Amino acid sequence: MAFAVIAHYRCAPADEATVRAALLKMRAHTLTEPGNLAYEVHADVDRPGAFVLYERYTDRTGFDAHAAAGYFAELIVGTVRPLLTERTVTFAEVL
């Protein structure tokens with residue numbers, strides 16, 4: 001069964017360009033992963049510094065491999081997360 005991740009991120013408007021650039025680099029890497037089916041990055045048009053990510057993987061193992069990648073540590077853990085003022089993540093099975 002496919003596995004999805006929906007993440008809502010918010011950062012200060014001053015950090016928006018840095019977060020956006022890191023998320024777009026992350027997308028480029030993620031789309032090459034064998035377990036990845038989709039990785040979409042959305043910027044909220046009404047809330048500066050707000051992003052929504054929709055990710056889909058073949059299964060939970062595909063996501064776990066994604067989260068273990070070196071570029072995940074660099075771009076998400078090391079760059080994006082320290083700049084966030086809000087973060088919610090939902091894990092779901094695709095029906």
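This is a predicted model: local features need pLDDT of at least 70, side-chain atom pairs count only at pLDDT 80 or more; totals for chains, interfaces and linings use all residues.
1. Residues are numbered from 1 along each chain as its sequence is written, and side-chain values use heavy atoms, with hydrogens and water left out.

2. Threonine 30 belongs to helix α1, residues 16–30. Helices (H or I, at least four residues) and strands (E, at least two) are DSSP runs, numbered from the N terminus. With a relative accessible area of 0%, threonine 30 is buried; buried means under 20% relative accessible area, exposed over 50%, and partly exposed in between (1.4 Å probe, protein chains only). Setting aside neighbours within four places in sequence, threonine 30 is in contact with Asn36, Tyr39, Tyr57, His66 and Tyr71, where contact means heavy atoms within 4.5 Å.

3. Now for α1 as a whole. Its 15 residues reach 21 Å from the first C-alpha to the last, close to the 21 Å expected at 1.5 Å a residue; the expected span is 1.5 Å times one less than the number of residues. The buried residues of α1 are Glu16, Val19, Ala22, Leu23, Met26 and Thr30. Seen down the axis of α1, these buried residues fall within an arc of 135°, so they line one face of the helix. The arc is that of the directions from the helix axis to the C-beta atoms. Ala17 and Lys25, on the other side of α1, are exposed. The cover over the buried residues of α1 includes β1, β2 (36–43), β3, α2 (60–68) and α3.

4. What holds the middle of this model can be followed through its largest nonpolar core, which has 20 residues. A nonpolar core is a set of buried Ala, Val, Leu, Ile, Met, Phe, Trp, Tyr and Cys residues joined through side-chain atoms within 4.5 Å. Tyr9, Leu23, Tyr39, Phe51, Leu53, Ile76 and Val80 touch the most other members of the core. At least two core residues come from each of β1 (3–11), α1, β3 (50–57) and α3 (70–80), and β1 gives the largest share, five residues. Leucine 53 touches Val5, Ile6, Ala7, Tyr9, Leu23, Tyr39, Glu40 and Val41, not counting residues up to four places away in sequence.

5. Which residues does arginine 20 pair with in a salt bridge? Its partner is glutamate 16, with the closest N and O atoms 3.2 Å apart. A salt bridge is a side-chain nitrogen of Lys or Arg within 4 Å of a carboxyl oxygen of Asp or Glu, and by this rule the count comes to two. Both arginine 20 and glutamate 16 lie in α1, four residues apart, about one turn of the helix. An α-helix has 3.6 residues a turn, so residues three or four places apart point the same way. Arginine 20 is partly exposed, at a relative accessible area of 37%.

6. The other pair to look up is arginine 60 with aspartate 64, whose closest N and O atoms are 3.1 Å apart in a salt bridge. Both residues lie in α2, four residues apart. Arginine 60 counts as partly exposed at 41% relative accessibility, and aspartate 64 counts as partly exposed at 38%. At the start of α2, a side-chain oxygen of aspartate 59 reaches to within 3.2 Å of the backbone nitrogen of threonine 61.

7. In α2, the buried residues are Gly62, Phe63 and His66. They fall within an arc of 95° seen down the axis, so they line one face of α2. Thr61 and Ala68 are exposed on the other side of α2.

8. Finally, in α3 the buried residues are Phe72, Leu75, Ile76 and Val80. They cover an arc of only 95° around the axis, which puts them on the same side of α3. The face turned away from this buried side carries the exposed residues Gly70 and Glu74. The buried residues of α3 pack against β1, α1, β2, α2 and β4.

Notes:
A polar contact is a pair of N or O atoms within 3.5 Å; within protein, one must be able to donate a hydrogen and the other to accept it, and residues adjacent in sequence count only if both atoms are side-chain atoms.
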